[in-house]
Amino acid sequence: MTADLATLVSAMTLDEKAALTAGADNWSTFGVPRLGVPGVVLSDGPVGARGATVDRESATTSVAIPSGTALGASFDPALVARLSAIVARQALDKGARVLLAPTVNLHRHPLWGRNFEGFSEDPLLSAKLAVAYIQGVQGEGVAATVKHFVGNEAEHERFTCSTDVDERALRECYLVPFEHAVRHGHVMCVMTAYNRVNGEHVPDQDRLLRQILRDEWGFDGLVMSDWWAMLRTDDAARAGLDLEMPGPARSFGPALAAAVRAGRVAEADLDAKIRRLLALLDGLGLLDGARAVPTDDGSKGGTEGLGVVPRPEEHPQDRAEDRAALRRAAADCIVLLRNDGLLPLDPGALRRVALFGARSEHPSIMGGGSAKVRPHYQLSLLELLRERLGPGVEVLHEAATDETGVVAAASAASEADLAIVVVGTAEAIESEGYDRTTMDLPGTQDALVRAVTAANPRTVVVVTSGAPVTMSWASETAALIQCFFSGQETASALLDVLVGDAEPGGRLPTTLPLRLEHTPAFGNFPGEASHVRYGEGLLVGYRWYEARHLPVAFPFGHGLSYTSFEIGAPTLSSVHLGSGGRVLVDVPVTNSGARRGAEVVQCYVAPPGGGTAAPGARFRPVKELRGFAKVWLDPGESTVVSFDLGERSFAHYDAADEDWAELVPRRPHEVYPPPPPSAHRTASGWYVAPGTYELAIGRSSADIAHSVLLAVDGGDAPLDPAMLPD
Ligand code: BGC
């Protein structure tokens, strides 16, 4: 680039600058050819790169990596970074330099149509995987876009509904993945949510976009709207939204130029937007031909000279190495929920296998909506199974999708020496645009599972879904697998896990509830009369079930291995955490079984008084995930995993009450003793309550192997806002 960004901005006319603030079309931005400034092409993610189209059928084919929930189940940031790099390379094949991914909204309720896109119910797991996803994408020279900022956890009336959430839950849960994406992941773009938050439309919200995102977190990248989300020119311009998508412009573009001319929006605000757009292009290496002195092309700097990026030719590669990597990765995301020893199968001992279920031939591989892609190919589990077991094994197959089919299936199952039932949802059931209305499996699938498990005790049940389904029959199964939407290699990975060629490497990134009525947001989902009340506050996911002592089908973090592990007693670098300090927690892990496998060691922090509400104190969840480590070990092999915890791991957010001191009744303190200073603070921020905290190390939120105590000083001053989150 021959000019710095400020000079380049000053070389543009007001109309040119305003035009750059809105998309040129659905998938690209304008450029200013006379200044050598190009436009840029965007493509949806997160499972693949669909390319410059919203319609899958007309799209060129794409790689399809596991969806968010499956990636969440991997508990493996390095794996997520490898997979998102594959998506980024596919985006490059299609001429796109901005990927609209990752989705980091939390699994607040199992029926949200887009749960499959998000990683987890847990903020920290979501945050760590979001950072990894971003690094994988941006490492390939493609800008990542973390979305949807914030509180977009239902599809019902998503363009208008207000997410009513208290400041503490917002800070401790829903904002956490975004904060990490910005402060650790250095994400280049943020996409705003469609919804309102606490009554105010997100694209216009000064509080979220300027005060939190830019001023507190220092985000210097590009903020774009979700598609057709924008409503107001002036408020959004002032709040710091940079790019209206898609084009042609409605709220920005010429309308923004008019707002500047009328003095309603400062030209400096517009200049800042253009600087951020140019910085994005520069960061992608797209400004090499830019110059502040225009070429004399006759253009006077009006919008007639603006350039639409010519539709790039798309040459998506279906790379052999991607296929292999995705097959291994999908197995790393598969969760073995129950196993009485039936798995892994011994193919040599089988003579007749029966395969049933609506999803048995083509297990669901992705959800619906903007995340869907046209995959390079589709695999058949039936064909793969027949091929793997060889001609000596008879494989009976029956989709059994109605009541008669269920009776045809039960009798065939009784004559087989093994039955496999593959049930689940599909992309038409779990999709952007609408929420599910039930957690139950569609159709006669529950009846099929019951009939086959009753007919043959050697039955493996596989659930393919992007979010939890009711499994009222779970305890009747000999082996039960949860396979979240795992992308193009779902079928081959399932086969590998069934026959033991691969370890089921996944752990639940979200609690599987027993009943819908037990779930945290029940009664507050999907919202009514234009509001969705986040009434459960901090108690998202396992935090809720633990605080309420509710039984669950399978807890957060749960998953079995084909081998066994011993988690040894943790050692701490110090039994005391002072101001500004950190503590290292070392945990030995040994593979005590007979084959190579993966263990996910989880570190939870249980604050003093967690789950109880003492007057004047802050309510805390019973415990919260503060670290996790996935290790692969050979039989007999040991390693030590470490968790590095700073004060943020022990802190809670206090929204403060500036008015309290003025409002407090002037009563004699001898009669009504004054509350402790921590009860009403005037400065908002992260605070650490002093006390003895428990560090719980285990293999799920419900399976804790060891607990150690740590004395934490804490104090009445907020943590330094510059302190990065752990
Ligand atoms: C979705 C976004 C997506 C955009 C473009 C919107 O409907 O909410 O996640 O990136 O469309 O397809």
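Student: What volume does the second largest pocket have?
Tutor: This model is predicted. In it, the residues nearest the centre of the second largest pocket include E216 and W686.
Tutor: The model is a predicted one. In this model, the lining of the second largest pocket includes E216, Y653 and W686 among the residues nearest its centre. The space in the second largest pocket comes to about 270 Å³.

Student: Which elements give two or more residues to the lining of that second largest pocket?
Tutor: The second largest pocket is lined by 16 residues, and G685 and P721 are among those nearest its centre. Two elements meet the condition of giving two or more residues: they are α7 and β28 (685-687).

Student: How many residues in the lining of the second largest pocket are charged?
Tutor: The lining divides by class into 8 nonpolar and 2 polar residues, with the charged ones making up the rest of the list. The number of charged residues in this lining is 6.

Student: Which residues lie closest to the centre of the largest pocket?
Tutor: The largest pocket holds about 330 Å³ of space. It is lined by 21 residues. Those closest to its centre are A617, R618, H652, S678 and A689.

Student: How many residues in the lining of the largest pocket are nonpolar?
Tutor: In the lining of the largest pocket, 7 residues are polar and 4 are charged. The nonpolar residues in that lining number 10.

Student: What is the volume of the largest cavity?
Tutor: A search of the whole structure finds 5 cavities of 30 Å³ or more. For the largest cavity, the volume is about 180 Å³.

Student: Which element gives the largest share of the lining of the largest cavity?
Tutor: The largest cavity is lined by 15 residues, and L124, V176, H180, R626 and R648 are the closest to its centre. Two or more residues come from each of α5 (123-138), α7 (176-183) and β25 (624-633). The largest share, 3 residues, comes from β25.

Student: From which domains does the lining of the largest cavity draw at least three residues each?
Tutor: By class, this lining has 7 nonpolar, 2 polar and 6 charged residues. At least three residues come from each of two domains, namely domain 1 (63-72 + 101-174 + 326-562) and domain 2 (565-712).

Student: Which residues lie nearest the centre of the second largest cavity?
Tutor: The second largest cavity contains about 90 Å³ of space. By class, its lining has 5 nonpolar, 6 polar and 2 charged residues. There are 13 residues in the lining, and those nearest the centre are H107, P110, E121, T510 and T511.

Student: How many charged residues belong to the shell around the ligand?
Tutor: The ligand is surrounded by 13 residues, the closest being D44, R114, H148, D226 and E432. By class, the shell has 5 nonpolar and 2 polar residues, and its charged residues number 6.

Student: How far does a polar side-chain atom of D226 lie from an oxygen atom of the ligand?
Tutor: For R114, a polar side-chain atom lies 2.8 Å from an oxygen atom of the ligand. For H148, an N or O atom in the side chain is 2.7 Å from an oxygen atom of the ligand. For D226, the corresponding distance is 2.6 Å.

Student: What percentage of the area that the ligand exposes when taken alone does the protein bury?
Tutor: Taken alone, the ligand exposes 320 Å². The share of that area buried by the protein is 96%.

Student: In which loop does V150 lie?
Tutor: V150 is joined to F149 by a cis peptide bond, with omega about 5°. The loop that holds V150 is the one between β4 (143-149) and β5 (162-164).

Student: What is omega for the peptide bond from M245 to P246?
Tutor: P246 lies in the loop between α9 (233-239) and α10 (254-261). The bond from M245 to P246 is cis, and its omega is near -10°.

Student: What is the phi of N198?
Tutor: N198 is found in the loop between β7 (196-197) and β8 (200-201). Although N198 is not a glycine, its phi is positive, at about 50°.

Definitions and conventions:
Residues are numbered from 1 along each chain as its sequence is written. This is a predicted model: local features need pLDDT of at least 70, side-chain atom pairs count only at pLDDT 80 or more; totals for chains, interfaces and linings use all residues. Side-chain values use heavy atoms; hydrogens and water are left out. On a 1 Å grid over the protein atoms alone, a cavity is a set of points where a 1.4 Å probe fits but cannot get out, and a pocket is an open set with protein on both sides within 12 Å along at least five of seven lines; lining residues have an atom within 4 Å of a point. Grid points are joined across faces, edges and corners, and a volume is the space filled by probe spheres set on the points. Helices (H or I, at least four residues) and strands (E, at least two) are DSSP runs, numbered from the N terminus. Ala, Val, Leu, Ile, Met, Phe, Trp, Tyr, Cys and Pro count as nonpolar, Asp, Glu, Lys and Arg as charged, and the others, Gly among them, as polar. Domain bounds come from an automatic or database domain assignment. A residue is near a molecule or strand if one of its heavy atoms lies within 4 Å of it. A polar contact is a pair of N or O atoms within 3.5 Å; within protein, one must be able to donate a hydrogen and the other to accept it, and residues adjacent in sequence count only if both atoms are side-chain atoms. Accessible areas come from the Shrake-Rupley method with a 1.4 Å probe; for residues, only the protein chains shown count as cover.
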